[in-house]
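Hi,

Here is the structure I promised to send over. Have a look at it first, and then read my notes on the charged pairs below.

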Amino acid sequence: MARISGLVSGLVPELKRAIEHFPWSVAAASAFALYFLLGLNSTPGWYDPDNVGRVPAALTAAFLWALIAALFAQSRGLQGPVRHALALAGFLVIALLAAAHRVVELHIGFMLASLTLGVGVAAYLRRNASQRAFWRFNHDAWVGAVVAAIATILFGGGLSAIVETLRYLFGIDISYKAHEKIWAIACGLVGPIYWLGVIPEDLDAEVTEGPQTEFISRMIALLGRFLLVPLLLVYALILHAYAIKIGVEWSLPKGRLGWMVLTYGTLVVATALVIFPTRQSGGTLPALFWRLWPYLLLVPLAMLYIAIGRRIGEYGLTQQRYTVLAAGLWLTLVAAWHGLGVGWRDLRAVPALLAGILAVAAIGPWGVQSWPVRSQVGHFSAILAKHDVLRDGRVAPAADIAAKLPTTDLARLAGIVDHLNGTQKIHRLRPLFSGDAADPFAGTQTGAADGDRYVRANYDWTLGQRIKDRLGILKGSLVSDRLVSFHANTPGVFQLDGGRLVIGPVTFHRGATPKPPVIQNVVVDGRIWTIALDGSMLTIESPDAGRNARFELASLVTGRGTTTRPGQKPNEPIVLKSIGGTMPAMLIVSSAGLTRAGVSDVVVNYVTMWIHAEP
């Protein structure tokens, strides 16, 4: 690592510092870029097709953890071996969580959010940490993150613009995958390493309280003083007036109040952090806001708990309501911490409490992936039990279930089925129909061990419809439950006698302007077939050397604005035969859109087809 840093020290000092101070973060960022540069994101066997973002997310988590470990070790004066051990131990835990994400019910978004917040706290998890140093570090680190994001966009967008300019002006044939590689470097190396290079080195440097003179700090202070503080004080008056209104009328808060309160509460806390250095020098309103802000949260939070409690009591817990509760808990703890004077309004508690709540919610049976599902299944069973159509934990075989339930409960059951289907947890209802002669799960292969994997890989809305049909919901007045739809957007492979194949539907979207070749890869028996559209020429290549077929899609146009063939019935698919190649094949085109680019040239905007081939 020292040799590498020596090579770049004279060219990019920031890169040298990033490698020296945060070597494991640089390694994780490099692995992220290589994952896309080497095409591992689209290589069979390297990823789970039902969760293609899992590897990049795990590498992002590794990057953040390594940064946390380095900052923590630096603040405690820990030496190199301990720093490396901390980073590697975190890598191992992240790898295990990513590999067993279904078993542990991992929510990768919550985990990444928790780690991101941890970056700002890691260096100040000690008793004598300075509030002003904590503020200064986070100000500089997150402003640096914003600039790093801008650098990422400029680098990726600039190089992509250069590639397209070369293609347009000089006709240079550059693969479309060049853009993927450009953005892999931009997002995996340029942005992250840029950020690592500008993270403050001096963890004890403090912000000066009083009027801010540095340009960015002054702009942020003015934003809080003249915009956020006055607006939030007015909004606080509105929410408290609404609380008085519902108290006088003895009514319940409106159902959508939760997100309004959370937005307000988050802005209140963020504004308190923003005005910290100027809280005593910014005038009357900022000083008043600083004294009152914890108490401005109490009444709105009380209304939030009443509103969300009512919704959960009626409809059960969902991921959205779980998130509202988690955010409400964070705001409550922050308000209590600062309002009661615990830790003399320690600013570190704001991100630390949220990071802890997100970490707890990201995993396990109490987490956002598991608890709402159990709640929805329990609510489903409770509705059936209330009307005596659930016996010994199984749905009663009576044919008149729908007749026993009011329309409101039928709608709730339908909503639960749709929710579980949307979150890909529909198999959790299977035990309720076990042994049923009309089991809607009959024919599926969802078991206790592989239920999640099967449902995710075989996402089928008709299963939800079969459950509703079994309960008689389709016989009610719910119009939406009479609708059934299906759309296949991934090519399937069907083998016929004699080794012949049918592949489809294959869809290409290109737009009305000439573009580089578009390629789709289809795996057949572990081997990759390549289907490429270049202009109006479609080429199919078998894994066997020299076996291919070519089709001229321009032949779809037989007249001005028409693709109709002599003797063809209206809306009947068009069959095209190959114009060359060594493999017998034909296309069955079900839809297409083409644009005339000249007297004889035709550009294919989109096409959907089936391929019949004899390898």
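Predicted model: local features only at pLDDT ≥ 70, side-chain atom pairs only at ≥ 80, totals over all residues.

Residues are numbered from 1 along each chain as its sequence is written, and side-chain values use heavy atoms, with hydrogens and water left out.

Searching the whole structure turns up 12 salt bridges (a side-chain nitrogen of Lys or Arg within 4 Å of a carboxyl oxygen of Asp or Glu). One of them joins E105 and K425, at 3.2 Å from N to O. That pair ties together distant parts of the chain, 320 residues apart: E105 sits in the loop between α5 (80-99) and α6 (108-121), and K425 in the loop between α17 (407-422) and α18 (451-457). Helices here are DSSP runs of H or I, at least four residues, numbered from the N terminus. Both E105 and K425 are buried (under 20% relative accessible area; exposed is over 50%, partly exposed in between, with a 1.4 Å probe and protein chains only). R428 joins in too, as E105, K425 and R428 form a network of salt bridges.

Two other pairs sit within helices. In α9 (residues 215-249), K245 and E249 are four residues apart, about one turn, and their side chains meet at 3.2 Å, N to O. K245 is partly exposed at 41%, and E249 is partly exposed at 48%.

In α17, R412 and D409 are three residues apart, and their salt bridge is 4.0 Å, N to O. Here R412 is partly exposed at 25%, whereas D409 is buried at 3%.

Cheers
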